[in-house]
Amino acid sequence: MLRVRVLVPVTALLAGLLFATSASTADGTELRSGRRLQLTELIGEEQRKVAQQEAVAAALRTQVARAAETAAAGDSRAAASRREAAELE
């Protein structure tokens with residue numbers, strides 16, 4: 001029982017201290033609004049980067065396909081390999 005009598009006021013004191021610290025830090029403003037906006041901006045920026053990288057990758061795949069076609073036109077083994085690869089897809 002003595003333990004409860006001591007723990008309740010100590011817990012209330014710590015909660016009050018945390019509340020006062022939060023109020024002092026906020027200084028009348030919202031603490032989290034800026035972080036939410038920054039996160040949204042970061043996500044948008046990263047999505048733009050991914051889209052650009054996907055476009056570059058698509059262009060590179062096209063170049064590889066053209067080079068393979070050119071190589072296959074002059075080499076029967078390369079043409080046979082391309083046909084086999086196309087069958088696997």
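Start by selecting residue 46: glutamate 46 is partly exposed, with a relative accessible area of 36%. Here, buried means under 20% relative accessible area, exposed over 50%, and partly exposed in between, using a 1.4 Å probe and protein chains only.

Before you click on, a bit of housekeeping. This is a predicted model, so local features need pLDDT of at least 70 and side-chain atom pairs count only at pLDDT 80 or more, while totals for chains, interfaces and linings use all residues. Residues are numbered from 1 along each chain as its sequence is written, and side-chain values use heavy atoms, with hydrogens and water left out.

Glutamate 46 and lysine 49 form a salt bridge, with the closest N and O atoms 3.5 Å apart. The term salt bridge here takes a side-chain nitrogen of Lys or Arg within 4 Å of a carboxyl oxygen of Asp or Glu. Why are these two about one helical turn apart? Because glutamate 46 and lysine 49 sit three residues apart in helix H2. Side chains of opposite charge can pair when their charged atoms come close.

Next, bring in glutamate 45. Its side chain also meets that of lysine 49 in a salt bridge, at 3.6 Å from N to O. This pair is four residues apart in helix H2 (residues 33-74), so about one helical turn separates glutamate 45 and lysine 49. Check the surface too: glutamate 45 is partly exposed at 37% relative accessibility, and lysine 49 is partly exposed at 36%. A search of the whole structure finds two salt bridges.

Zoom out to the whole chain. Helices (H or I, at least four residues) and strands (E, at least two) are DSSP runs, numbered from the N terminus. Of the 89 residues, 4% count as buried.

Last stop: select Val6, Val10, Leu14 and Leu17, which make a nonpolar surface patch of about 360 Å². Leucine 14 is found in helix H1 (residues 2-26). Patch residues have over 30% relative accessible area and no salt bridge; like charges are joined within 9 Å, nonpolar side chains (Val, Leu, Ile, Met, Phe, Trp, Tyr) within 5 Å.

Key. Accessible areas come from the Shrake-Rupley method with a 1.4 Å probe; for residues, only the protein chains shown count as cover.
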